[in-house]
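Could you walk me through this model in the viewer, one selection at a time? I would like to know what to click on next and what I will find there.

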Protein chains: 2
Amino acid sequence: MLTLYDYLPSGNGYKVRLLLSRLGIPFKLVERDIQHGETRTPEFLAMNPNGRIPVLRLEDGRYLSESDAILFYLAEGTPFLPEDRFARADVLRWMFFEQYSHEPYVAVARAWVHVFGITPERAARLQEKMDGGYAALGVMEDHLVARPWFVGERCTIADIALYAYTHVAHEGGFDLSRFSNVGRWLERVAAEPGHVPITKRDFA
Amino acid sequence: MLTLYDYLPSGNGYKVRLLLSRLGIPFKLVERDIQHGETRTPEFLAMNPNGRIPVLRLEDGRYLSESDAILFYLAEGTPFLPEDRFARADVLRWMFFEQYSHEPYVAVARAWVHVFGITPERAARLQEKMDGGYAALGVMEDHLVARPWFVGERCTIADIALYAYTHVAHEGGFDLSRFSNVGRWLERVAAEPGHVPITKRDFA
């Protein structure tokens with residue numbers, strides 16, 4: 001059975017939990033608390049030298065890290081990853097957008113406000129995070145004007161990757177009511193078969 | 001012919017220029033100065049709503065953005081992207097590592113010091129960028145202890161992606177002499193056939 005080393009509040013981890021649930025693949029969830037150094041132990045660093053969750057342990061004992069690389073691995077050969085060469089690259093385009101232009105703002109603001117708590121240093125930089133997050137949400141809103149999904153005619157791992165932190169953006173103080181296309185897309189993703197909430201921890 | 005919209009000092013753009021050169025694919029380079037708003041014009045935003053170079057225009061008129069998604073598109077079916085499912089995902093793992101844990105530190109420090117210039121606000125945050133950059137370089141150094149390349153037995157787009165900003169890290173103030181495995185790997189990449197420097201602008 002697959003084993004996922006993960007931290008429940010993490011949207012990066014939730015991406016993987018959500019795709020595994022959508023695909024009906026059972027897995028063992030092993031929680032590692034990033035607030036208590038549990039991803040910086042020698043045991044954890046042997047699995048991912050970069051010291052971050054999520055990490056997927058395959059049945060043959062190999063490890064894979066980076067949430068979006070794990071999504072790509074799991075989605076190969078399924079409808080969550082298109083066969084067409086351009087469409088596959090376009091899915092990756094939105095996943096790299098997520099990790100570079102969305103997560104460092106939307107997810108970090110949420111982590112500071114909702115998970116770790118605000119310090120004076122974080123408070124001084126929160127506006128920068130809000131500005132970057134709203135810019136990313138604006139790009140998403142415009143893209144979804146005339147499209148139900150980010151790439152093609154069905155839900156792909158581009159949608160899964162972007163859903164993870166967007167659906168909890170309000171926990172970081174973002175006002176999603178300004179983004180009606182994004183709002184309808186969030187409902188569309190959540191209505192798909194096999195959907196699970198970010199708080200679900202009983203998978204095996 | 002392919003057209004690449006790019007900014008010459010950008011390592012993200014250089015990744016694409018380097019892979020195209022390695023593959024012997026001719027292309028037209030169209031420079032867009034990110035310091036003068038040339039990636040925020042209506043014309044540019046129609047190509048990439050996220051307003052960033054590089055953008056690749058295909059011969060059929062479609063556009064692809066995000067440097068690592070472009071690398072993946074160009075490398076499909078070539079030796080720069082493995083056929084094996086796990087190896088492909090592992091290549092992506094290092095590309096997501098590059099965009100999340102390396103570029104925001106190594107590339108941003110270089111941009112501030114070498115391209116845009118240091119302001120008081122940037123000076124106050126430079127140490128954070130150096131710390132993050134050295135952490136990423138340390139992960140690379142350890143990975144290369146007993147490996148010639150990041151994934152498998154030859155140069156892939158994981159190496160191309162990581163080479164782009166690592167080989168100019170000294171321009172951001174990083175001391176690469178601390179990282180001997182990284183140093184030998186940089187020489188290995190630069191010795192590959194079809195190598196071009198980041199400053200080359202005559203391609204077509």
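## Start with chain A

Select chain A and colour it by secondary structure: from the N terminus on, its elements follow the order β-α-β-α-β-β-α-α-α-α-α. That makes seven helices and four strands. Keep in mind throughout that this is a predicted model.

Now zoom out to see the whole chain. Along its principal axes, the C-alpha trace of chain A spans about 45 × 45 × 30 Å. The radius of gyration is 17 Å, which agrees with the value near 17 Å that a compact globule of 204 residues would have. Buried residues account for 46% of the 204 residues. If you draw the contacts with a separation of 6 or more, 71% of them join residues 24 or more positions apart.

## Helix H4 of chain A

Next, select residues 85–116 of chain A, which form helix H4. Where does the kink in H4(A) lie? Go to His102(A), where the helix bends by about 60°, shortly before the proline Pro104(A).

With H4(A) still selected, show the rest of the structure as a surface. The helix is largely enclosed by it, because 24 of the 32 residues of H4(A) are buried.

Step off the end of the helix to Gly117(A), which follows H4(A) and has a positive phi, near 100°. Gly117(A) sits in the loop between H4 and H5 of chain A. Is Gly117(A) buried or exposed? With 9 other C-beta atoms within 10 Å, Gly117(A) is exposed. For a sense of distance, pick Thr39(A) as well: its C-alpha atom is 20 Å from that of Gly117(A), and the two are 78 residues apart along the chain.

Select Ile53(A) and Pro54(A) and look at the bond that joins them: the peptide bond is cis, with omega near -5°. Pro54(A) belongs to the loop between helix H2 (42–47) and strand E3 (55–57) of chain A. Then move to chain B, where the peptide bond from Ile53(B) to Pro54(B) is cis too, with omega near -5°.

Your next stop is Glu66(A), in the loop between E4 and H3 of chain A. Its phi is near 75°, a positive value in a residue other than glycine. Glu66(A) counts as buried, since it has 28 C-beta neighbours inside 10 Å. Over in chain B, Glu66(B) also has a positive phi, of about 75°, and Glu66(B) is buried with 29 other C-beta atoms within 10 Å.

## Where the two chains meet

Show both chains and select the residues in contact between them: 26 residues come from chain A and 26 residues from chain B. On the side of chain A that touches chain B, strand E4 (63–65), helix H3 (67–75), H4 and helix H5 (120–143) each supply at least two residues. H4(A) provides the largest share, 12 residues. Coloured by type, this side of chain A divides into 13 nonpolar, five polar and eight charged residues.

Now superpose the copies. Chain A can be laid on chain B with an RMSD of 0.0 Å by a turn of 180° and a shift of 0.0 Å along the axis. That is the relation of a two-fold axis. Which residue of chain A comes closest to the rotation axis? Select Tyr100(A), whose C-alpha lies 3.2 Å from it. The copies meet through the same surface, because 100% of the interface residues of chain A are also interface residues in chain B.

## Last stops, in chain B

Select Leu81(B), in the loop between helix H3 (67–75) and helix H4 (85–116) of chain B. Leu81(B) counts as buried, with 20 C-beta neighbours inside 10 Å. Beyond its neighbours within four places in sequence, Leu81(B) is in contact with several residues, among them Phe72(B), Arg88(B) and Ile157(B).

Finish at Ala87(B), in helix H4 of chain B. Ala87(B) is partly exposed, with 15 other C-beta atoms within 10 Å. Not counting residues up to four places away in sequence, Ala87(B) touches Pro82(B), Val151(B) and Gly152(B).

Definitions and conventions. Residues numbered from 1 in each chain as written. Chains lettered and ligands numbered in written order. Predicted model: local features only at pLDDT ≥ 70, side-chain atom pairs only at ≥ 80, totals over all residues. Expected span 1.5 Å × (residues − 1). Bend = angle between axes of the 7 residues up to and from the residue. Buried ≥ 20, exposed ≤ 12 C-beta atoms within 10 Å, placed from the backbone. Contact = placed C-beta atoms within 7 Å. Nonpolar A, V, L, I, M, F, W, Y, C, P; charged D, E, K, R; others polar. Rg over C-alpha atoms; globule rule 2.2 N^0.38 Å. Least-squares fit on C-alpha atoms with pLDDT ≥ 70 in both.
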